[in-house]
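Colleague: I've got a model open and I'd like to learn how to read it. Could you walk me through a few features?

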Amino acid sequence: MFHLRTICALLLTLILIVGTGCEAPPNAVLRMQAEEAIRDGDFVRADERTSLALDREPSDWKALYYRGLTRIGQDRPMDARIALEQAFEIRRGRPGFGDVADALAEAYLRTKDHERLHGFLRQLTIDYGTVRDFMRQGKYLALSGDFDGAKTAYDKAARFAAPNDPEPWKAIASFYRKLGDQKNESIALLKLYEMNPRDPRVRQRLRELNVLSSAPATSSTDNPPIFGSRPEQPE
């Protein structure tokens with residue numbers, strides 16, 4: 001069964017073929033087709049679509065981004081770096097830039113260039129310093145084996161996040177669970193529980209850690225916040 005976006009792309013392509021003969025569809029359609037192919041794991045088609053787009057417009061940052069994702073999917077991380085570095089410079093600081101930065105960090109990790117990866121992650125936190133930048137830094141520092149650096153990055157992500165933003169705390173809980181640090185995992189999980197006492201995954205894990213009783217939550221008023229203020233940050 002076709003996805004809606006696939007159907008739309010096919011219709012647009014058909015219209016263009018009827019109207020202009022064999023001319024390739026516009027880049028907007030080619031990018032949509034490449035994105036769909038990447039989601040489906042069809043990297044041959046994604047490669048074809050991005051190549052057509054870049055032949056027409058070599059500075060198309062989104063086509064370069066999809067080419068980078070395609071190369072990652074093909075296990076060609078050095079080629080991915082080339083495409084993603086171009087997209088990064090073209091799109092720096094503008095909408096969509098964060099997605100490019102995520103993919104480029106993945107490419108640096110896969111080429112095992114940890115020095116370049118760490119410098120890249122650090123510079124993003126200096127230049128922009130968003131919660132997403134610190135989350136990205138925490139994730140990839142941990143994946144490259146710098147656990148102390150990851151702890152610091154996640155700590156900053158939680159500190160700068162909105163009070164009701166669960167994403168940093170989810171990442172922190174996962175990070176400490178992988179390290180086997182149940183104390184700090186519990187701190188993060190309790191923060192998530194404070195935000196949403198009904199989350200079944202949080203409740204289950206807290207029960208596994210013997211932090212939460214098996215009594216079900218009824219309403220937010222029946223479950224007062226666990227913390228009167230922001231909980232202790234992981235050291």
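This is a predicted model: local features need pLDDT of at least 70, side-chain atom pairs count only at pLDDT 80 or more; totals for chains, interfaces and linings use all residues.

Colleague: How does the reach of α4 compare with what is expected at 1.5 Å a residue?

Modeller: Helix α4 covers residues 61-73, 13 residues in total, and spans 18 Å from its first C-alpha to its last, close to the expected 18 Å.

Colleague: And what caps the N-terminal end of α4?

Modeller: Aspartate 60 does, with a side-chain oxygen 3.2 Å from the backbone nitrogen of lysine 62. Just after the helix, aspartate 75 has a positive phi of about 60°.

Colleague: Which residues is alanine 103 in contact with, leaving aside its neighbours within four places in sequence?

Modeller: Tyr65, Leu69, Ile72 and Leu84. As for distances, phenylalanine 88 is 15 residues from alanine 103 in sequence, and their C-alpha atoms are 9.7 Å apart in space.

Colleague: Now pockets. What's the general idea?

Modeller: Roll a probe the size of a water molecule over the atoms, and you see where empty space is left. Here, the largest pocket holds about 280 Å³ of space.

Colleague: Which residues lie nearest the centre of the largest pocket?

Modeller: Of its 14 lining residues, Lys139, Ala142, Tyr154, Ala171 and Lys178 lie nearest the centre. Helices α8 (131-143), α9 (147-160) and α10 (167-179) each give two or more residues to that lining, and α8 has the largest share, with six. By class, the lining has eight nonpolar, one polar and five charged residues.

Colleague: What volume does the second largest pocket have?

Modeller: About 230 Å³. Its lining includes Lys170, Arg177, Glu185 and Asp199, and by class it has four nonpolar, one polar and six charged residues. Helix α10 supplies the largest share, four residues, while α11 (182-195) and α12 (200-208) each supply at least two.

Definitions and conventions: Residues are numbered from 1 along each chain as its sequence is written. Side-chain values use heavy atoms; hydrogens and water are left out. Contact means heavy atoms within 4.5 Å. On a 1 Å grid over the protein atoms alone, a cavity is a set of points where a 1.4 Å probe fits but cannot get out, and a pocket is an open set with protein on both sides within 12 Å along at least five of seven lines; lining residues have an atom within 4 Å of a point. Grid points are joined across faces, edges and corners, and a volume is the space filled by probe spheres set on the points. Ala, Val, Leu, Ile, Met, Phe, Trp, Tyr, Cys and Pro count as nonpolar, Asp, Glu, Lys and Arg as charged, and the others, Gly among them, as polar. The expected span of a helix is 1.5 Å times one less than its number of residues. A polar contact is a pair of N or O atoms within 3.5 Å; within protein, one must be able to donate a hydrogen and the other to accept it, and residues adjacent in sequence count only if both atoms are side-chain atoms.
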